Amino acid sequence: MQFRIGRPVRRAAAGVRKESPRDGSDLAARIHECAVIGGQLAGNADPQRQKLAEAIRTLTAAYAAALSRPADAESLLSDDRSWPKSHPEIFDGLIQTGRIAAELQTEDLLAFALRITDTLLAVRKDSRATWRLRARVLDLKGDDRAAVAAHERYLQVCTLDDLGIGARVTGLKRSRERFTECLHLLRERNPRAAEQAGEPEAELWSRAVALREAGDRAGAEELMTAALDAMERAGRPLGELSATLTSLIDMLMEDGGVPGPRETRLLDAYSEHRRLLRREETPEPLLGGSRVIGISDFRNLIAGKSVCLVANSNKVGESRMGEEIDSYDLVVRFNSFRIDAAHTGRRTDIHATIHKHNYNWDVPVQTRLVFGGKAGAWGTSLRRRLVPGAQTYINDRTLRWPVREVGKVSVKAWPSIPTSGFNMLWLLDFLDVSPRIDLIGFDFYASGAYRLPDAMKHPITAVHEYRREREWIMARARHSDEMRIALR
């Protein structure tokens with residue numbers, strides 16, 4: 001695993017060369033910069049970069065047309081600040097160019113978009129669209145304090161906060177608070193780190209990586225904490241601090257061991273920090289009042305409660321265990337589960353499902369955990385499949401892929417794709433707050449599948465490693481019989 005200080009960025013295929021026109025106008029300088037970038041994008045096959053190139057062509061064409069008229073040229077090439085009123089198409093073209101550049105999220109293009117906002121705010125200080133773009137760019141750059149200031153300025157010039165900006169400001173502030181909590185807990189774990197925090201952060205990090213590669217995890221953690229402390233004292237943006245904290249947490253989680261109370265607090269604070277940094281803390285209309293939860297919230301929901309996980313197997317479909325299944329505090333079912341009350345029980349408290357299939361999303365449950373290996377496809381499925389009001393709680397990205405994301409179990413260590421059942425079971429075992437965890441009817445499809453009729457057409461997929469999952473489970477089992485495997 002590679003460690004580095006600072007926010008990870010994707011480098012632009014087309015960089016930005018710092019060139020200035022002969023004229024001294026800030027607008028002329030910005031248009032010239034747009035033209036340079038547009039020329040570098042020529043022939044690029046990426047659709048988003050093609051979109052940026054088209055926006056730049058439209059903008060430069062409008063600017064050239066205005067320059068062809070002497071009266072307009074004098075206004076545009078001087079320090080006259082009235083040009084947005086006489087040439088709104090140029091102002092709007094710059095806004096659109098900045099928006100598309102920001103969407104590409106490369107370091108150079110984010111800086112370019114920020115310079116566009118500098119140019120526009122110099123001539124129209126209360127432009128809502130410009131403050132919105134500036135806040136968005138600063139947010140993407142991970143500069144939380146500057147982003148909050150820009151968001152708040154946007155709110156000052158708006159009559160209505162219909163975009164949930166106030167909630168985003170609250171989220172960013174709380175994300176900073178949770179980061180501070182993480183740093184405090186790391187300082188407690190590594191009291192000697194403060195003695196080294198005055199050294200250059202890059203040197204501290206380099207030494208930490210060397211210690212980690214030599215197998216000295218404790219020494220590496222201490223130096224990483226010192227580096228993070230030094231960065232925080234230097235006022236580095238929250239995005240850079242968060243990326244560094246993530247590298248440190250990754251190292252702590254590599255062993256996949258069950259954490260102690262302080263480690264659990266650290267993981268809770270980290271999960272909440274990342275969730276708030278990534279998304280607005282505001283209800284989404286499609287959620288229908290559902291609350292988005294992270295790992296700490298889920299832990300609180302299951303703490304102290306007995307849990308049974310019910311397999312989609314023929315063994316369950318013939319079990320006559322319905323009443324007993326419903327006696328547990330929480331009943332977990334998976335994907336395309338089928339209900340036959342006498343055998344399967346009636347209740348479903350937690351529906352754990354892969355994002356790919358559209359089964360049982362409309363069944364009312366307390367908690368719906370949607371798993372997925374690819375963040376983009378996972379997010380798209382949530383938007384398309386989630387039924388408003390069908391769940392009280394829905395998981396955020398921190399619970400998207402527990403075995404890989406929380407446990408940091410690499411593809412090399414576990415090559416096959418974990419099943420929904422294994423992701424769920426691994427999470428319950430990892431959190432270790434349930435006094436009873438029982439698996440009902442888990443024979444790993446030896447008796448065949450018992451699913452909704454429409455789902456029976458799907459074969460039992462070969463991408464999972466059922467034998468290895470069974471070995472993992474049985475190695476932790478306290479008791480097992482024909483129908484039940486008890487892990488607690």
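Reader: What makes Asp229 and Arg187 a salt bridge?

Author: The closest N and O atoms of Asp229 and Arg187 are 2.7 Å apart. A salt bridge needs a side-chain nitrogen of Lys or Arg within 4 Å of a carboxyl oxygen of Asp or Glu. The value of 2.7 Å is within 4 Å, so the pair counts. Asp229 lies in helix H11 (residues 217-233) and Arg187 in helix H9, so the bridge ties together parts 42 residues apart in sequence. A helix here is a DSSP run of H or I with at least four residues, a strand is an E run of at least two, and both are numbered from the N terminus.

Reader: What should I know about the model and its numbering?

Author: This is a predicted model, where local features need pLDDT of at least 70 and side-chain atom pairs count only at pLDDT 80 or more, while totals for chains, interfaces and linings use all residues. Residues are numbered from 1 along each chain as its sequence is written, and side-chain values use heavy atoms, with hydrogens and water left out.

Reader: Why is Asp229 called buried, and why is Arg187 called partly exposed?

Author: Buried means under 20% relative accessible area, exposed means over 50%, and partly exposed is in between (1.4 Å probe, protein chains only). Asp229 has 2%, so Asp229 is buried. Arg187 has 31%, so Arg187 is partly exposed.

Reader: How many salt bridges are there?

Author: The count comes to 30. One of them joins Arg153 and Asp126, with N to O at 2.4 Å. Arg153 sits in helix H8 (residues 144-156), Asp126 sits in the loop between helix H6 (107-123) and helix H7 (128-141), and the two are 27 residues apart. Arg153 has 22% relative accessible area, so Arg153 is partly exposed. Asp126, at 40%, is partly exposed too.

Reader: Which residues are linked in a network of salt bridges?

Author: Asp26, Arg30, Glu33 and Arg115 are.

Reader: What makes Asp432 and Arg488 a salt bridge?

Author: Their side chains meet at 3.0 Å, N to O. Asp432 is in the loop between helix H20 (420-431) and strand E7 (437-440), Arg488 is in the segment after strand E9 (484-486), and they are 56 residues apart. With 39% relative accessibility, Asp432 counts as partly exposed. Arg488 is partly exposed at 21%.

Reader: What joins the side chains of Asn190 and Glu221?

Author: A polar contact of 2.9 Å does. A polar contact is a pair of N or O atoms within 3.5 Å; within protein, one must be able to donate a hydrogen and the other to accept it, and residues adjacent in sequence count only if both atoms are side-chain atoms. Asn190 also makes a side-chain polar contact with Thr225, at 3.3 Å. Both 2.9 Å and 3.3 Å meet the cut-off of 3.5 Å.

Reader: Where is Asn190, and why is it called buried?

Author: Asn190 is in the loop between helix H9 (165-189) and helix H10 (201-213). Its relative accessibility is 7%, so Asn190 counts as buried.

Reader: Why is helix H12 called largely enclosed?

Author: In H12, 14 of the 16 residues are buried, so the rest of the structure largely encloses this helix. The span of H12 (residues 238-253) can be checked too. The expected span is 1.5 Å times one less than the number of residues. That gives 22 Å for H12, and its end C-alpha atoms are 22 Å apart, which agrees.

Reader: How many disulfides does a search find?

Author: Zero, in the whole structure. A disulfide needs a pair of cysteine sulfur atoms within 2.5 Å. Cys34 is buried at 0% relative accessible area. Cys308 is buried at 0% as well.

Reader: What makes up the open sheet?

Author: Nine strands do, in the order E1-E6-E5-E4-E3-E2-E7-E9-E8, with mixed pairing. Strand E1 (291-293) and strand E8 (479-480) are the edge strands, since each pairs on one side only.

Reader: How do you know that E7 and E9 pair?

Author: Two strands pair if DSSP finds at least two bridges between them. E7 and E9 have three, in the antiparallel sense, so they pair.

Reader: Why is Ile485 called buried?

Author: Ile485 lies in strand E9. Its relative accessible area is 6%, so Ile485 is buried. Contact means heavy atoms within 4.5 Å. Beyond four places in sequence, Ile485 is in contact with residues including Ile437, Leu439, Phe442 and Ile473.
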